[in-house]
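Please look through the structure below before reading on.

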Amino acid sequence: MPTIKADMTKNCVRSISGLLYPVPMHGFCHRRFVLTALAGSFVAVFGRAAAARDALTQSFIDKAFEMKRLAERAGDQPYGAVVVRGGRIVGFGPSRVVVRGDGTAHAEREAMRDAQARLGRKDLSGCVMYSTARPCADCERAAAQAGLARMYYGADAHDAGAPRGS
Ligand SMILES: [Zn+2]
């Protein structure tokens, strides 16, 4: 399961796109290249599609941060995540570690549990997660076990000042 650090700060759709497009096996990227080579009119069509896709991606990121604010308002840890399938959010995850007194109720796990409940199955293949911060190893493992296709996260420990390993 690819885990990709993305610039998830608000109003940064362009930089997010810059990170999303180079991802390997991203079919849309290749289509864009081919269309650019074919004809400008196709590029114009693609441009609108890409803009719509960016807006959709931004809406998922915004919702993840909304979950973070929800957790904070409830006095919980400042993390949020959403699980997306087929272009719509199927799992919402504010951190509930403090509220529930459950050390496993991380935002990512809550989003996955919500998605599994809504979809009525444990398998989350084809789903994508957007998280405000890099998930812990347990959440990454849970995501991989559930078959999550891809995960994007905003901040990691280095952003909070942790030293980088050599
Ligand atoms: Zn976790």
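This is a predicted model: local features need pLDDT of at least 70, side-chain atom pairs count only at pLDDT 80 or more; totals for chains, interfaces and linings use all residues.

Q: Why do the buried residues of helix 6 line one face of the helix?
A: The buried residues in helix 6, which spans residues 137-146, are C139, A143 and A146. An α-helix has 3.6 residues a turn, so residues three or four places apart point the same way. Seen down the axis of helix 6, the buried residues line one face because they fall within an arc of 65 degrees.

Q: Which exposed residues does helix 6 carry on the face turned away from its buried side?
A: On the buried side, the residues of helix 6 are covered by elements including helix 5 (107-119), strand 4 (128-133) and strand 5 (150-155). The face turned away from that side carries the exposed residues A137, R141 and A144.

Q: Is A143 buried or exposed?
A: A143 has its place in helix 6, and it touches M1, E108, M112, M129, P135, L148 and M151, leaving aside residues up to four places away in sequence. A residue needs 20 or more other C-beta atoms within 10 Å of its own to be buried. Because A143 has 26 C-beta neighbours inside 10 Å, it counts as buried.

Q: Which element gives the largest share of the largest nonpolar core?
A: The largest nonpolar core has 28 residues, and those with the most contacts inside it are A81, V82, V83, A111, M129 and Y130. Two or more residues of this core come from each of helix 3 (40-73), strand 2 (80-85), helix 5, strand 4, helix 6 and strand 5. The largest share is five residues, and it comes from helix 3.

Q: Which residues does Y130 touch, not counting residues up to four places away in sequence?
A: Y130 is among the residues with the most contacts inside the largest nonpolar core. Leaving out residues up to four places away in sequence, the residues that Y130 touches are F60, I61, A64, A81, V82, V84 and Y152.

Methods
Residues are numbered from 1 along each chain as its sequence is written. A residue is buried if 20 or more other C-beta atoms lie within 10 Å of its own, exposed if 12 or fewer, and partly exposed in between; C-beta atoms are placed from the backbone. Helices (H or I, at least four residues) and strands (E, at least two) are DSSP runs, numbered from the N terminus. The arc is that of the directions from the helix axis to the C-beta atoms. Two residues are in contact if their C-beta atoms, placed from the backbone, lie within 7 Å. A nonpolar core is a set of buried Ala, Val, Leu, Ile, Met, Phe, Trp, Tyr and Cys residues joined through C-beta atoms within 7 Å.
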